[in-house]
Amino acid sequence: MKLPFMKETPLKVPYTTANVIGMLVNRLTNLLEEMAENRPIVVVCVGTDRSTGDSLGPLIGTSLAKYRSQHFTLFGTLENPVHAMNLDDTLLEINRRFHKPFVIGIDACLGQVSSVGSIQVGVGPVRPGAGVNKDLPPVGDIHLTGIVNVGGFMEYFVLQNTRLHLVMKMSEIIAISLFTAIANYAHLSTGVLEQTAAADNI
């Protein structure tokens with residue numbers, strides 16, 4: 001049973017939480033079931049490999065690329081990052097290539113000391129550059145963010161001096177969770193279609 005508030009209430013969970021992957025997979029699968037219906041799934045991992053803290057997105061993209069999945073299209077890896085300089089062009093390309101794409105926006109963000117290491121899933125776009133006062137277009141029908149360090153003071157310096165270990169661990173968890181959720185959703189969608197097709201033949 002899906003609770004009506006599930007979609008609206010963002011999930012925020014520390015990456016060290018027991019069963020963190022299960023929690024993320026469950027929430028993401030529910031969101032995909034409720035919102036992605038028959039739309040091509042596009043994952044946009046925002047960030048740059050020139051800053052440790054801001055490399056969360058490209059690291060996730062690089063991990064996702066290894067799966068070579070047919071169930072989603074990926075933008076943003078360490079080799080070909082999506083960042084402030086090419087974000088507008090990337091979004092234009094997505095809307096040109098896909099009809100009503102369901103976009104999952106992924107980015108690093110800064111937060112309170114108590115929230116560092118938390119992974120967030122929510123409805124609505126991620127807002128790249130907000131933590132460093134850049135005005136960039138919002139990305140995504142839903143978003144996945146990782147709080148990599150403390151915000152509010154010298155943001156660029158803080159991002160540059162974020163521990164790589166934290167970013168790597170969070171990227172691994174987010175990548176496997178998102179891939180699993182999309183695979184679950186694709187399987188469920190195919191199952192529904194197969195049942196419908198079988199019913200038509202009765």
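Student: What makes this an open sheet, and in which order do the strands come?
Tutor: First a word on the source: this is a predicted model, where local features need pLDDT of at least 70, side-chain atom pairs count only at pLDDT 80 or more, and totals for chains, interfaces and linings use all residues. Residues are numbered from 1 along each chain as its sequence is written, and side-chain values use heavy atoms, with hydrogens and water left out. Now the sheet: 6 strands line up as β1-β5-β6-β4-β2-β3, with mixed pairing. Its edge strands are β1 (11-14) and β3 (73-75), each of which pairs on one side only. On average, neighbouring strands are turned by 20° against each other, direction ignored. The angles are taken between N-to-C directions, from 0 to 180 degrees, and the axes are lines fitted to C-alpha atoms, for helices over the stretch in contact.

Student: How do you know that β2 and β4 pair?
Tutor: Two strands pair if DSSP finds at least two bridges between them. Strand β2 (residues 41-45) and strand β4 (residues 102-111) have 5 bridges, in the parallel sense, so they pass the criterion. C45, for instance, has I106 in β4 as its bridge partner.

Student: Which strands does helix α3 touch?
Tutor: Helix α3 (residues 87-97) packs on the sheet and touches β2, β3 and β4. Its direction makes about 165° with that of β3. Touching is meant as contact, that is, heavy atoms within 4.5 Å.

Student: Why is L166 called buried?
Tutor: Buried means under 20% relative accessible area, exposed means over 50%, and partly exposed is in between (1.4 Å probe, protein chains only). L166 has 13%, so it is buried. L166 sits in helix α5 (residues 164-200). Beyond its neighbours within four places in sequence, L166 is in contact with Y15, V116, G117 and V148.

Student: Why is helix α2 said to be largely enclosed?
Tutor: Helix α2 (residues 56-65) has 7 of its 10 residues buried, so the rest of the structure largely encloses it. The buried ones are L56, G57, P58, L59, I60, G61 and L64. Across the protein, 46% of the 202 residues are buried.

Student: What makes D141 and R39 a salt bridge?
Tutor: The term asks for a side-chain nitrogen of Lys or Arg within 4 Å of a carboxyl oxygen of Asp or Glu. For D141 and R39, the N to O distance is 3.4 Å, so the pair qualifies. The pair links distant parts of the chain, 102 residues apart: D141 is in the loop between β5 (118-123) and β6, R39 in the loop between α1 (20-35) and β2. Since D141 is at 25% relative accessibility, D141 counts as partly exposed, and so does R39 at 27%.

Student: What else does R39 touch?
Tutor: Not counting residues up to four places away in sequence, R39 touches K100, P101, F102 and D141. R39 and P101 are 62 residues apart in sequence and 5.5 Å apart in space, C-alpha to C-alpha.

Student: How many salt bridges does the structure hold?
Tutor: There are 2. E93 forms one with R97, where the closest N and O atoms are 3.2 Å apart. Both residues lie in helix α3, 4 residues apart, or about one turn of the helix. E93 is partly exposed, at 27% relative accessible area.

Student: Why is M154 called partly exposed?
Tutor: M154 has 45% relative accessibility, so it counts as partly exposed. M154 lies in the loop between β6 (142-150) and α4 (155-160).

Technical notes
Helix = DSSP H or I, 4+ residues; strand = E, 2+ residues; numbered from the N terminus.
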